[in-house]
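Here is a short briefing on selected features of the structure shown below. Keep the sequence at hand while reading.

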Amino acid sequence: MAAMLRRVSGSALLIVFLICWSFPALWGAVTSFKTERDVLDYPPMSPFHPTLYNYRHILAGPTSIVPNLESSAILTVSTTLITLALAIPAAYALGRLRVPAKRPLGFYVLATQMLPPIGLVIPYFLIFSGAGLLNSYSGLIVVYVSFSLPFAIWLLVSYFEEIPREMEEAALIDRATRLKAMWHVVLPQARGGISVTVVFVFLNAWNEFLFAVVLGGRTVRPVTVAMFDFISLEQTQWGRVSAAALIAMAPVMLLGLLAQKHIVKGLTLGAVKGSGRQ
Amino acid sequence: MRGSGNGLGRVRLQGVGKRFGDYSALEGIDLAVNPGEFFSLLGPSGSGKTTTLRIIAGLEMPEDGAVFLDDAEITRLSPGARDAAMVFQSYALYPHMTVARNIGFPLRMVRTPKAEIDRLVRQAAQRVSIEHLLDRRPGQLSGGQQQRCALARAIVRSPKLFLLDEPLSNLDARLRLQTRTELKQLQRTLGVTAIYVTHDQEEAMTLSDRMAIFMDGRIVQVGTPEEVYGRPASTAVAGFLGSPPMNLIDAVLDGERLEMPGAVLSPPTPIVGFRGPVTIGVRPGDISFVESGFPAVVELAELLGDSMIVDLRLGEVALKARLLQNRHFGEGEPVQIAFDWQRIHFFDPSGARLAVG
Amino acid sequence: MPRTALSRSCAADGAAAALAPAAAPVPAPAIAPPRDEQRFALVLLLPSLFVLVLTTTVPIAYLLWSSVQRINPAMSFMNGFAGADNYIQMGDDPRFWNSLRLTLVYTGSTVVLQVVIGLALALAIMELRRGQWLARLVAILPIVLAPVVVGLYFRTLILTPTFGMFDYLMVTLGLGSHNWLGDPQLALASVIAIHTWQWTPFSFLVLLAALAALPQDIYEAARMDRASALRRFWHITLPLLRSVIILLVILRLTVALSAFAAIFAATGGGPGTATEILNLYAYRTSFNELQVGYGAALAVTLLAITLTTTAILFRLRRRI
């Protein structure tokens with residue numbers, strides 16, 4: 001019957017989907033435990049002896065990526081904190097208060113989000129090289145905030161808009177100042193939305209490449225840049241490449257796993273919110 | 001596609017059973033609906049009436065039994081192939097289509113020519129008085145208008161069978177009454193068999209030619225409104241129909257005496273055919289106030305405008321009586337009441353009707 | 001508003017208006033927001049606005065200015081105002097037109113593939129009750145990875161001839177071993193596949209949520225109305241999803257236009273210029289060939305394309 005056929009093809013498609021999209025990561029994990037000789041074994045699926053050699057090398061060896069992890073951590077955490085400190089009040093204002101010229105401001109925030117990074121990297125390169133800000137954390141953090149902020153505001157506004165209006169009104173009647181109303185009453189309600197935003201800002205900052213490779217240098221060198229170096233240096237050493245990739249991506253993979261529901265909610269809210277706008 | 005409504009529309013269910021996992025929703029359902037009948041499925045929530053309707057519609061498949069439409073078995077047939085139209089409780093209108101397209105949708109699905117569709121849609125809309133709304137979207141209609149749109153979509157295709165799942169329950173009280181009458185007239189005019197699910201016994205009573213009472217996944221009685229009201233097959237049915245519900249009193253029947261908690265009554269003629277514990281049923285309307293009868297005490301009197309409901313205590317038994325005129329009662333006032341002994345119902349301890357007289 | 005100590009400590013002009021018996025019975029003044037609300041809003045907004053203007057609008061202005069300059073960090077004696085020279089040069093530059101063509105093909109293909117495959121997956125998996133959590137879990141992983149890592153990864157473990165998993169698979173299926181990233185004929189398709197692989201789960205998740213939000217009773221009504229599964233999809237599901245799909249296209253389009261890291265890691269823009277989409281061309285021009293002025297002009301062109309297409313799509317969305 002038609003219904004059964006649909007169910008079978010649905011399951012088949014699910015299996016194809018699962019294999020196709022989970023296989024690369026699983027294969028990478030497996031490869032990271034192979035010696036360089038086993039890696040080039042043909043056919044690739046032959047049994048092998050697992051080893052931690054690659055991990056030892058990329059963590060403790062001369063080309064250790066531990067300093068890169070530190071670099072990423074500094075960049076990402078600073079960016080996240082600063083972005084949220086700026087975005088939360090701004091989104092609150094745009095989402096709940098009567099702001100003059102709200103619509104054009106909203107468009108402006110949206111437009112800044114749509115700028116292709118290459119259009120920003122070039123002027124930043126010129127400005128920073130002139131000002132000696134290349135290879136500096138402060139310089140790069142400013143840049144990271146520049147692309148995280150519009151996105152964070154856009155995301156948070158939709159969450160703030162969802163909270164019923166009466167919240168502030170009740171607080172104001174209870175003699176709270178506007179600031180206290182925001183802090184004690186509205187923000188706790190928006191905790192979910194704030195968590196989602198934190199997750200996305202973190203992800204985007206950790207995974208950033210273009211700005212880091214152009215504007216960073218020897219000291220400011222996040223894992224994404226370190227990974228890229230693998231291409232020239234140790235490209236054929238797949239064991240190390242996989243181990244490095246796994247370590248480099250461990251924080252975001254962990255975040256993805258733990259914050260699954262948040263991520264799905266964030267993605268879909270964008271779609272739903274957009275359709276509600278008109 | 002099948003016939004255009006001039007088929008008979010005779011529906012038969014035989015031994016239908018439906019289970020959801022461990023839960024048995026329906027058991028041993030036997031039903032026969034005659035062509036052109038307005039047949040209600042009445043019962044409290046969860047009694048299986050909606051499940052039965054959905055099995056007739058083809059939206060659910062029964063585990064046991066068979067469904068027949070005009071002697072052809074349709075048990076496993078897809079909903080679209082049954083020539084039955086359904087009005088959903090939520091109306092289920094297509095939100096992105098105009099009223100006209102909503103109504104015309106079933107015709108488009110069987111490739112009716114466009115000119116024909118326009119004509120039939122207009123006709124159906126006129127029947128339910130919404131021809132002025134054809135270009136609106138469901139979101140722009142009131143609840144009553146949406147309901148009519150759902151109705152029009154059902155009648156436009158001249159099906160053999162109408163299936164209605166509590167179509168009036170989302171309307172406000174006044175609209176509900178008005179629509180009820182229109183619905184009955186519409187069905188009479190079209191002459192199509194209609195199977196109607198409701199939990200509102202007043203609705204079922206006023207609309208149906210016959211009805212089936214559902215309780216806990218089984219049918220406990222089938223009959224005309226007069227039959228089920230006047231001769232309920234069990235205390236459950238008796239308590240379900242009528243507002244206020246029938247007074248049910250546990251008593252012991254002993255020929256010339258009816259022993260109730262706190263009172264003993266003597267019927268005018270001895271009751272034969274049974275001895276022992278019974279439940280007697282007295283409709284509130286069958287209790288009258290007389291000069292000399294059984295002594296009772298008024299506890300509360302509620303004025304409804306055209307009638308009154310009086311809470312009485314007879315011995316230790318609480319009764320409700322209905323009066324068709326207004327009379328002033330004091331709280332705690334002693335009165336004398338009498339029963340219409342011709343219209344008292346007797347049930348055995350298991351709740352089944354007793355034939356005594 | 002009487003400036004008593006009480007009203008000042010209240011600071012609730014809204015509340016005061018509601019309490020004052022002589023005031024109109026409307027809670028919010030219809031003409032203009034109360035002064036302190038406006039002040040508060042501006043205080044909250046200004047830091048972000050300041051940062052935004054400083055870090056995005058100023059650099060863009062600088063970009064525009066650079067695009068009409070000749071800037072070469074290595075040969076700074078050559079620098080100077082160039083007028084529209086860079087743009088004229090662009091018009092005659094075959095490499096530019098190549099990159100434009102590649103951008104069109106790349107962006108168009110991956111967006112269409114993402115939406116179509118994502119929709120197909122969402123429709124299929126919607127029906128299943130048990131597999132959904134697993135599908136969602138698997139979908140999260142590609143999305144959270146850094147594109148540069150994905151590109152590198154495909155370049156090494158997956159697409160390497162003979163030893164890569166995909167190549168091995170193709171050999172097993174009888175399609176033969178190929179140089180997926182090194183062959184100019186195949187390179188573009190390969191990078192499109194990489195981008196599609198990484199971002200289809202995004203479309204899948206959004207569409208799955210959108211499908212789940214559709215009212216279910218209208219599908220039963222459609223079944224009663226004799227609509228087959230295909231027609232239910234065409235007449236009901238698609239029209240109701242139109243708005244979400246367009247938004248999805250807008251989002252994926254902007255990402256595809258500015259996609260950099262994955263291609264850069266996988267092919268660097270090569271072989272030759274086989275995968276050199278516009279922003280890669282701008283990058284190479286600016287940072288490999290050090291023609292920053294011309295690179296800026298290329299970037300401005302990309303910016304213009306991005307803004308125009310999104311504006312068109314947004315307007316399309318409003319009409320639906």
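In β16(B), I309(B) is the bridge partner of E302(B). That pair belongs to a model that is predicted.

- Strand β15 of chain B covers residues 287-303, and strand β16 of chain B covers residues 308-314. The two run antiparallel and are joined by 6 bridges.
- The hairpin of β15(B) and β16(B) has 4 residues between the strands. In this hairpin, G305(B) adopts a positive phi near 110°.
- β15(B) is also joined to strand β18 of chain B, residues 334-339. Here 7 bridges link the strands, again in an antiparallel run.
- F294(B) has I337(B) as its bridge partner in β18(B).

**An open sheet in chain B**

- Chain B has an open sheet of 6 strands with mixed pairing. The strand order is β6-β7-β8-β3-β9-β10.
- The edges are β6 (84-87) and β10 (218-223) of chain B. Each has a single partner strand, so one side of each is left without a neighbour in the sheet.
- On average, neighbouring strands of this sheet are turned by 20° against each other, direction ignored.
- Helix α4 of chain B, residues 143-155, lies across β6 and β7 (161-165) of chain B. The helix runs at about 180° to β6(B).

**Contact between chains C and B**

- On the chain C side, 13 residues are in contact with 15 residues of chain B.
- By residue class, the side of chain C that touches chain B has 7 nonpolar, no polar and 6 charged residues.

**Helix α10 of chain A**

- Helix α10 of chain A spans residues 191-206, 16 residues in total. From first C-alpha to last it reaches 22 Å, close to the 22 Å expected at 1.5 Å a residue.
- α10(A) is mostly covered, with 12 of its 16 residues buried.
- The buried residues of α10(A) include F200(A), F202(A) and W206(A). Also among them are G193(A), T197(A) and N204(A).

Conventions: Residues are numbered from 1 along each chain as its sequence is written. Chains are lettered from A and ligands numbered from 1 in the order in which they are written. This is a predicted model: local features need pLDDT of at least 70, side-chain atom pairs count only at pLDDT 80 or more; totals for chains, interfaces and linings use all residues. Two strands pair if DSSP finds at least two bridges between them. Axes are lines fitted to C-alpha atoms, for helices over the stretch in contact, and angles run from 0 to 180 degrees between N-to-C directions. Two residues are in contact if their C-beta atoms, placed from the backbone, lie within 7 Å. Ala, Val, Leu, Ile, Met, Phe, Trp, Tyr, Cys and Pro count as nonpolar, Asp, Glu, Lys and Arg as charged, and the others, Gly among them, as polar. The expected span of a helix is 1.5 Å times one less than its number of residues. A residue is buried if 20 or more other C-beta atoms lie within 10 Å of its own, exposed if 12 or fewer, and partly exposed in between; C-beta atoms are placed from the backbone.
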